[in-house]
Amino acid sequence: MSSFFRKHQNFIVASFLVVFSLSVHSSSVRSNDNTPSFRRIILNAYSPPLRAITSILKEVRHLLSSYILLLGVQEKNIQLQKSIDRLIEQNMRMKEVLLENNRLRNLLLLKSRSSSKLVSAEIIGRDPMGWFKAALINKGAGDGIKRNQPVITHQGIVGRILDVAADTSKVLLLTDINSSVDALVQRTRARGIVEGRASDLCELKYVSSSEDVRLGDLVVTSGLCGIFPKGLTVGKVTRVMKDSFDLFQYVELTPGTSLNKLEEVCILFPENN
Amino acid sequence: MVCVTAEVNIPMKQFFFFLLGGLFLVLIQAIPWYYVFPQVIQLNLSFVFVIFLALYRPSPSGWFLAFLLGSLLEALSGVPPGLLPLINLIAFFLIRVARRIVLFESLLSQAILVFALSFSADLSLLIITKLVSAYPYMVILKNLLARSLLLMALSMPLFAIFNKRAYSQGLVLK
């Protein structure tokens, strides 16, 4: 028996792993309650190094914007007084701080405007595969975050919480192909489902050809999908194609939030929480 | 006594070296590089590692590491569950089959193998997850070629490092 196992150990292990992967994939309808413990462990394990690296990257960016990009200017203006250089450097620092302040103030404004509870979070990682649209944030179950909670910014919705670990969560972005949100055109109340197109765009599907949809129309959440409350900005219509023979028209959206440059987001809690 | 200790230690050392290497590559992939480099292309570096394992460690622990790397990536990604480990295992199996015909001893042949498998794996993933319908075909082709070529170029120094480390630990092409 043991010699049989030893002789065919590769085949047995490989078969077991393949069957296991297939069974995981076939039962891949994600339950709404808990993140599987294996995924929780991985998210927890990768959270500290990703946090550290993200803060280093931010410092590097700050350094680049405040020092290195100014080196050329400094050389050109070598005759100028040192005090002017110092002022320029300070100015650059202030600009960076100002930009950060603006972003944070917008988040605070969003917090004060909204009657629901909001928790702000920072992006610390992104989807390692590139083809899919997900991000890791530095808030998790310890902050009361649960699966399927909406993630937003002051510019509109970002996505929803997909997996939760102790102090990290994974966000499925609006532009991911697996993301769908019930929405309506604000001007005409035409309803449809916003689905990710993966290429930083979304599509408003199932809008009847008879509905009036125009370029620049704002699309907001309808509140019917059970995740996002009504009236949050999803994006703007950037392309409409109608065919008189088709039941539905093609409506392309650009998300209100620039999802590939995200740095800070807010997680929205239900009002009864 | 010394011989027994060496026999036990070397595979364990190799296993942990491979495990740490894989964990590190997955970490690199998950870093939000766009904070500093806005246009950086994301590459599946851990896939190079899976190919290396298939060439040099076709043992149960090699299969297990390939599966584990897929599961790690999957935990950090938005990809539907079970797909990445499965793709890694299929790639592992294909390499074992191909090894009966081609030796893949030189760095160049290994790099070409990386290109072919990376292209096929990404394309399969896009087809299975229906992402092909989300992008124009030309964009997909351009991206697949760019990613596979970059991975092929990067795989050469990676394989050189892995090879050096593997030979120093007494590991040979199996």
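**View 1. B:Phe52 and B:Tyr56 in helix α2 of chain B**. Both residues belong to helix α2 (residues 45-56) and stand four residues apart, about one turn of the helix; helices here are DSSP runs of H or I with at least four residues, numbered from the N terminus. The model is predicted: local features need pLDDT of at least 70, side-chain atom pairs count only at pLDDT 80 or more, and totals for chains, interfaces and linings use all residues. Residues are numbered from 1 along each chain as its sequence is written, chains are lettered from A and ligands numbered from 1 in the order in which they are written, and side-chain values use heavy atoms, without hydrogens and water. B:Phe52 is buried, at 0% relative accessibility, and B:Tyr56 is buried at 1% (buried: under 20% relative accessible area; exposed: over 50%; partly exposed: in between; 1.4 Å probe, protein chains only).

**View 2. The aromatic pair B:Phe15 and B:Phe16**. Rings of Phe, Tyr and Trp (its six-membered ring) pair if their centres lie within 6.5 Å; planes under 30 degrees apart are stacked, over 60 edge-to-face and the rest tilted. Over all chains the count comes to 12 aromatic pairs. B:Phe15 and B:Phe16 are edge-to-face, at 5.7 Å centre to centre and 80° between the planes. B:Phe15 is buried at 16% relative accessibility, whereas B:Phe16 is partly exposed at 42%.

**View 3. The ring cluster of chain B**. The rings of B:Phe52 and B:Tyr56 are stacked because their centres are 4.5 Å apart and their planes at 25°.

**View 4. A:Lys117 over the face of A:Phe269**. A:Lys117 lies 4.4 Å from the ring centre; a charge sits over a ring if NZ of Lys or CZ of Arg is within 6 Å of the ring centre and within 35 degrees of the ring normal.

Methods
Helices (H or I, at least four residues) and strands (E, at least two) are DSSP runs, numbered from the N terminus.
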